[in-house]
Amino acid sequence: MRLQFKSFGFSVLGAPLRYAPCNKECKLLVIAAMHGEEPETTFLLSRALRPFEKNLDSVAFVLCANPDGVALGTRGNANGVDLNRNFETSNWTADAVTCRSVLEANRDTLLSPGTAAGSEPETRALVKLIDELKPQAVLSIHAPIGCIDAPAKTPLVEKLERVFRLPHVADIGYQTPGSFGTWCAERHLECVTLELPRLAPELLFDRYGAEFTEFLADF
């Protein structure tokens, strides 16, 4: 991978937040690792980008939106905030966020949504980046539910269904106040959440890598 990266801010602990810009008009922004305990999203995206000799004309990338969380092995950032509940939306709430250690467990872990909507530097930096890039759509990669979460089956969703062979769901099945997807929806920006299945990183790349690279190249 020989893409050129730029800084768009810093994490709580001072790690640089970096993105690979488009060469021309940005049609799609791809974001990985908003949750630090989902490093396989960064792995798959990074591996899929390796064949490219230069930045893409119409697709920009954030390989890791939560570098402190990835380094610490935590879902939230270094402040213990779930970044995917920290966006300034009409339904943001100060109530604690519950999450599971694994899919089969009860929701036994509490995270903060932040002291206020947009309280975290990672959140503010991503909002500023999107305002600057003005992408036509955003693909946010998560794990390990194994589905394509989007309000409607758009052409982008249909392409992702073919690449990842995962079912489309219009609703994830639980409330997500202050989420990135809601923030995008309230700004009329298409956001698709790709939930990778629970597989080892190498298996994810074996299963999806070549087709994901082709999808990005042809976008």
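Here are some worked exercises on this predicted model.

Residues are numbered from 1 along each chain as its sequence is written. Local features need pLDDT of at least 70 and side-chain atom pairs count only at pLDDT 80 or more, while totals for chains, interfaces and linings use all residues; side-chain values use heavy atoms, with hydrogens and water left out.

**Exercise 1. Asn66**

Find where Asn66 sits, decide whether Asn66 is buried or exposed, and list what Asn66 is in contact with.

Solution. 
- Step 1: Asn66 is in the loop between strand 4 (59-62) and helix 2 (67-72). Helices (H or I, at least four residues) and strands (E, at least two) are DSSP runs, numbered from the N terminus.
- Step 2: check the burial. The relative accessible area of Asn66 is 0%, so Asn66 is buried. The cut-offs are under 20% relative accessible area for buried, over 50% for exposed, and partly exposed in between (1.4 Å probe, protein chains only).
- Step 3: list the contacts, meaning heavy atoms within 4.5 Å. Leaving aside neighbours within four places in sequence, Asn66 is in contact with Ala33, Met34, His35, Gly36, Arg75, Gly76, Asn77 and Leu83.
- Step 4: look at Arg75 again. Its backbone oxygen lies 3.4 Å from a polar atom of the Asn66 side chain.

**Exercise 2. Asp82**

Work out which side chain makes a polar contact with the side chain of Asp82.

Solution. 
- Step 1: locate Asp82. You'll find Asp82 in the loop between helix 2 and strand 5.
- Step 2: check the burial. Asp82 counts as buried because its relative accessibility is 1%.
- Step 3: The partner is His35, with 2.8 Å between the two side chains.
- Step 4: A polar atom of the Asp82 side chain lies 2.9 Å from the backbone nitrogen of Asn84.
- Step 5: With neighbours within four places in sequence set aside, Asp82 is in contact with His35, Arg75, Gly76, Val97, Leu111 and Ser112.

**Exercise 3. Asn86**

Name the side chains that Asn86 reaches through polar contacts, and give the distances.

Solution. 
- Step 1: The loop between helix 2 and strand 5 (97-99) holds Asn86.
- Step 2: check the burial. Relative accessibility is 0%, so Asn86 counts as buried.
- Step 3: read off the polar contacts. The side chain of Asn86 is joined to that of Ser119 at 3.1 Å and to that of Thr123 at 2.8 Å.
- Step 4: widen the view. Leaving aside neighbours within four places in sequence, the residues in contact with Asn86 include Val81, Trp92, Pro113 and Gly178.
- Step 5: Asn86 and Arg124 are 38 residues apart in sequence and 9.4 Å apart in space.

**Exercise 4. The cysteines**

How many disulfides does a search of the whole structure find?

Solution. 
- Step 1: apply the cut-off. A disulfide is a pair of cysteine sulfur atoms within 2.5 Å. The search finds 0 disulfides.
- Step 2: Cys99 is in no disulfide, and the nearest cysteine sulfur, that of Cys147, is 17 Å away. Cys99 is buried, with a relative accessible area of 6%.
- Step 3: Cys184 is in no disulfide either; the nearest cysteine sulfur belongs to Cys191, 4.2 Å away. Cys184 is buried, at a relative accessible area of 0%.

**Exercise 5. Helix 1**

How many residues of helix 1 are buried, and what covers them?

Solution. 
- Step 1: count. Helix 1 (residues 40-49) is mostly covered, with 7 of its 10 residues buried.
- Step 2: name the buried residues. They are Glu40, Thr41, Leu44, Leu45, Ser46, Ala48 and Leu49.
- Step 3: find the cover. Strand 3 (28-32), strand 4, strand 7 (137-142), helix 4 (155-164), strand 10 (190-197) and helix 6 (201-218) are included in what covers these buried residues.

**Exercise 6. Val62**

Decide whether Val62 is buried or exposed, then list what Val62 touches.

Solution. 
- Step 1: Val62 is found in strand 4.
- Step 2: check the burial. Val62 counts as buried, at 0% relative accessibility.
- Step 3: list the touching residues. Not counting residues up to four places away in sequence, Val62 touches Phe8, Arg18, Tyr19, Leu29, Val30, Ile31, Ala32, Leu45 and Leu129.

Notes. A polar contact is a pair of N or O atoms within 3.5 Å; within protein, one must be able to donate a hydrogen and the other to accept it, and residues adjacent in sequence count only if both atoms are side-chain atoms.
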